[in-house]
Amino acid sequence: MFLSVFDVFKIGVGPSSSHTMGPMSAAVRFLDEIAGNDWPRPAGARVAGIKVSLHGSLAFTGIGHGTGRAVVLGLTGELPDQVDPDLMDGIIASVEKSRKVSPPGHPHYDFDPKTDLVFDKKTPLPGHANGMTFTAFDRDGAMLLRRIYYSVGGGFVVTDTELAAMKNNRKQDAGKPVPYPFANAKQMLAMAARSGLSISQMKRANEESQMSREELDAGLDRIWTAMSACIDRGLGGEGIMPGGLKVRRRARILHDKLQDEWRQNRRNPLLANDWLSVYAMAVNEENASGGRVVTAPTNGAAGVIPATIRYVLQFHDGADQQAVRDYLLTAAAIGGIIKHNASISGAEVGCQGEVGSAAAMSAAGLAAVMGGTPEQIENAAEIALEHHLGMTCDPVGGLVQVPCIERNALGAVKAVTAASLAMKGDGTHFVPLDACIETMRQTGLDMNERYKETSTGGLAVNVVEC
């Protein structure tokens, strides 16, 4: 099993990796297929119009998550890692006015977002809670091509046939050939023991079997640069976040207070927790505002890992750029195991799969930077994930704001606490990480759909009632 660090950490835009980045990428995939010759079409037939329907969680919380906007942007050829957040409103306004999309290399296609983009809450698709259907028509309205895509978390998009193959081959598919193809934590620890390598070293060897060391390091540095820039933008932002809840950005105010305490050398026993929280909140306020973020492993959980890395650089002597690379590689190794054996999708398993996974990855990365053994690193990940089990995904108003922003802050605090606890032991512990991941998967299967990113239960309902 090999999932690249650049599949786990992807640069994109907020507010959601599964509801924004995924649908945008799916739209571009559909455009690529229309332009190709791998699908049967009547002689002389030409695509004249496109219709899209969103299903399941995408339908229930798609408006608050900007899913419709993402589809429109994707149908104009925009990709999550390339679109300019400052230009998005203008692109969407142009499509709404012309009722056409004009992607590069394509003719104009009829597409009126008011009528050709449907939020279908009544018809769930069978493969995954985040399903969408794209259909192409000719000038007379005859259907030429229909494709189903699923946004499975973290910005990953697959077709219905690809998803079926993934489910059928999950246990036996080895993926790309790599030197250390661990599919679970037990295999990872066994390979580390046999090789004498750390988790980050094994992950590095796997990555370097696919690319050069220079490419890998440059990519890791680019990921951290984007994460760090997101923190800084979030710390500078102020005002009301979009969406209608009228939630005010707080990171800048909190940061200014911490800076005052720092300058006055005022004693603060909660200093580390406060810095972790403000960094995480800065990222997720930026995400909620549609800014540039990095999936870590999702947008909804994007603040945990950047906050912990900034904390490491600020409070741990000797932490440098190489430490950041080792952190990201270790975190990606744990994230890959979780995604392979369970899920990182809030629509599939609740927020335990988003913030819980982020905290586990973060705790592992921090333990690695602190010099932890593979066993201590695995223990740190397990502690962090275990204490997120059962966490629901119930965003108020379908927006990635309440409770998501503060939840990232607490996820970062839990990650640091988990790493600290693990480092004070020898790595021996009662619950294996693999058992914790399987418990998360089973809990997600048992969890009522109301608590899996549909905003039909939990805080999403009770806050409004109060």
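These legends walk through several close-up views of one predicted model.

The model is predicted, so local features need pLDDT of at least 70 and side-chain atom pairs count only at pLDDT 80 or more, while totals for chains, interfaces and linings use all residues. Residues are numbered from 1 along each chain as its sequence is written, and side-chain values use heavy atoms, with hydrogens and water left out.

**View 1. Helix α10 meets helix α13.** Here α10 (residues 213-236) and α13 (residues 304-315) have axes that come within 10 Å and cross at roughly 90°. Helices (H or I, at least four residues) and strands (E, at least two) are DSSP runs, numbered from the N terminus. Axes are lines fitted to C-alpha atoms, for helices over the stretch in contact, and angles run from 0 to 180 degrees between N-to-C directions. The pair α10 and α13 is therefore roughly perpendicular (65 to 115 degrees; under 35 is roughly parallel, over 145 roughly antiparallel and the rest oblique). From α10, look for Trp224, Met227, Ser228, Ile231 and Asp232, which meet Ile305, Pro306, Ala307, Ile309, Arg310 and Leu313 of α13; contact means heavy atoms within 4.5 Å. By class, this contact has 8 nonpolar, 1 polar and 2 charged residues. Ala, Val, Leu, Ile, Met, Phe, Trp, Tyr, Cys and Pro count as nonpolar, Asp, Glu, Lys and Arg as charged, and the others, Gly among them, as polar.

**View 2. Helix α9 packs against helix α10.** The axes of α9 (residues 199-208) and α10 are 9 Å apart, at an angle of about 115°. Arg204, Glu207 and Glu208 of α9 touch Arg213, Leu216, Asp217 and Leu220 of α10. In this contact you will find 5 charged and 2 nonpolar residues, with no polar ones.

**View 3. The largest cavity.** About 150 Å³ of space lies in this cavity, and the structure holds 2 cavities of 30 Å³ or more. On a 1 Å grid over the protein atoms alone, a cavity is a set of points where a 1.4 Å probe fits but cannot get out, a pocket is an open set with protein on both sides within 12 Å along at least five of seven lines, and lining residues have an atom within 4 Å of a point. Grid points are joined across faces, edges and corners, and a volume is the space filled by probe spheres set on the points. Of the 18 residues lining the largest cavity, Gly300, Glu354, Cys393, Val400 and Cys404 are the closest to its centre. Helices α2 (17-35) and α18 (404-423) each supply at least two lining residues, and α18 gives the largest share, with 3. The lining divides into 7 nonpolar, 7 polar and 4 charged residues.

**View 4. The second largest pocket.** This pocket holds about 450 Å³ of space. Its lining has 26 residues, and the closest to the centre are Pro15, Gly64, His65, Gly66 and Arg69. The largest share, 5 residues, comes from α4.

**View 5. Backbone details in the loops.** Most residues other than glycine have a negative phi, and most peptide bonds are trans. A cis peptide bond joins Ala296 and Pro297, with omega about 0°; Pro297 sits in the loop between β9 (292-294) and α13. Another cis bond links Val402 to Pro403, with omega about 5°. Arg99, in the loop between α5 (88-98) and β3 (100-101), has a positive phi near 60°.
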